[in-house]
Amino acid sequence: MPNAPKPNVKQDSLLVLGLESSCDETAASVLRRHADGSIDLLSNIVASQDEEHRPFGGVVPEIAARAHMRKLDPIIGKAIKTAGVDWNAIDGIAATAGPGLIGGVITGLMGAKGLAMSLGKPLIAVNHLEGHALSPRLTEECPFPYLLLLVSGGHSQLLSVRGLGEYERLGSTVDDAAGEAFDKTAKVMGLGFPGGPQVQAWAERGNPEGVKLPRPMIGRDHADFSFAGLKTAVARAWEASDQSDTAKADIAASFQRAITDAMIDRVGRAMTLFRNVTSEHDRARLVVAGGVAANTELRASLKQIAEARNFDFIAPPLKFCGDNAAMIALAGAERLAAGLIDDYNAPARPRWPLDGEAAKSAPKSGYGKKGPKS
Ligand code: KG4
Ligand code: ZN
């Protein structure tokens, strides 16, 4: 196998193609990063697989891998064409190398390797979570350090983001991910897939005080989350209800309020921990990322707590909250600019914690198990 070329980091700007295929979105994006850190997003193509997975009420890994195989090539072609760039002008190829559903990750990473090798360009194997973590920098100046609430279908974490590749986990879920709780709530009530947007739409018509639900972990002195009990309580409330549209709306609204309250309480705790690990002279920033960051009630509540605790609040536009390749191209470009490239034999990794070894330590809450969702 040929060695990956050394990157030319002295360039004024770097043009990077990014690929994303770790879950159920096949995506490609071309982005130019200037030496001052500013970016031009030249294309951002996302093909959702919602239609393929809808009949099953959740993402089916085998179907996802086959769909990525089918969609990746045309999506890459479209991203290059939309960007109006020549293949030779590309300075590096970035792809999600994990964590995620391994069939999809392999598809995207192998595609990136093939392109990088045949063009003689550097490969950047990007951690999907780093993509989410940097996503606010696609549209806003968002200097390090910042406190990040990363909430998606696969992960729920609170991280201190100190720099590229420098992450400290302040808290994480001990069971389900937040997006999973939304998806399962939707599934129990037959609201459709993907669950988050459906729950939000039903919640708009419901009474958030209508059904009494738990707020797991509230008041604890660590910043871990737990969502499994809330999910079970929702299933019980649904079984006990008359299963009318009013019940659907009330349970959706009550669930959304409960999970938001639980997340805000944990964010409040993490703000204190974050202040302890950053300089008091730093302007504190709170950033939210991941698919669940699209939730309107969560965004409004985060804005409120940020104002109350004197943090700036940054939330990416909705199109950059869910999985996309622009965030992978950005992480790739930032890595390339820092001279951080990967071998052409970089592995695809189903598990890949952002905070490395530290991720293996026991949850601060003292119970639960650190799994792929944490
Ligand atoms: O980041 P993402 O696209 O994929 C993963 O990396 O997991 O997140 C997908 C998750 C799903 O669980 C979906 O239901 C949730 O984000 N989601 C939402 C909303 N939009 C998407 N959850 C709550 N409210 C929303 N508006
Ligand atoms: Zn994601």
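Predicted model: local features only at pLDDT ≥ 70, side-chain atom pairs only at ≥ 80, totals over all residues.
Local features are given where pLDDT is at least 70 and side-chain atom pairs only at pLDDT 80 or more, while totals for chains, interfaces and linings use all residues. Residues are numbered from 1 along each chain as its sequence is written, chains are lettered from A and ligands numbered from 1 in the order in which they are written, and side-chain values use heavy atoms, with hydrogens and water left out.

**Domains and their interface**

The protein chain is assigned domain 1 (13–135 + 321–372) and domain 2 (144–315); such bounds come from an automatic or database domain assignment. Taken over C-alpha atoms, the domain centres are 25 Å apart. Domain 1 brings 33 residues to the contact and domain 2 brings 28 residues, contact meaning heavy atoms within 4.5 Å.

The size of an interface is often given as the accessible area lost when the parts come together. Between domain 1 and domain 2 the buried area is about 2400 Å², and carbon and sulfur atoms give 60% of this. Buried area here is the accessible area (1.4 Å probe) that two parts lose on being put together, summed over both.

One salt bridge is counted between the domains. A salt bridge is a side-chain nitrogen of Lys or Arg within 4 Å of a carboxyl oxygen of Asp or Glu. Asp355 and Arg169 form a salt bridge, with their closest N and O atoms 2.9 Å apart.

**Ligand 1**

Ligand 1 is surrounded by 19 residues, each having a heavy atom within 4 Å of the molecule. Gly153, Asp183, Gly196, Gly291 and Asp323 are the closest.

| Residue | Residue atom | Ligand 1 atom | Distance |
|---|---|---|---|
| His132 | side-chain N or O | oxygen | 3.4 Å |
| Gln200 | polar side-chain atom | nitrogen | 3.1 Å |
| Gly291 | backbone N or O | oxygen | 3.0 Å |

**Backbone features**

Most residues other than glycine have a negative phi, and most peptide bonds are trans. The peptide bond from Gly98 to Pro99 is cis, with omega near -15°. Another cis peptide bond joins Phe193 and Pro194, with omega about -5°. Met217, which is not a glycine, has a positive phi of about 75°.

Notes
Polar contact = N/O pair within 3.5 Å; in protein donor to acceptor, adjacent residues only side chain to side chain.
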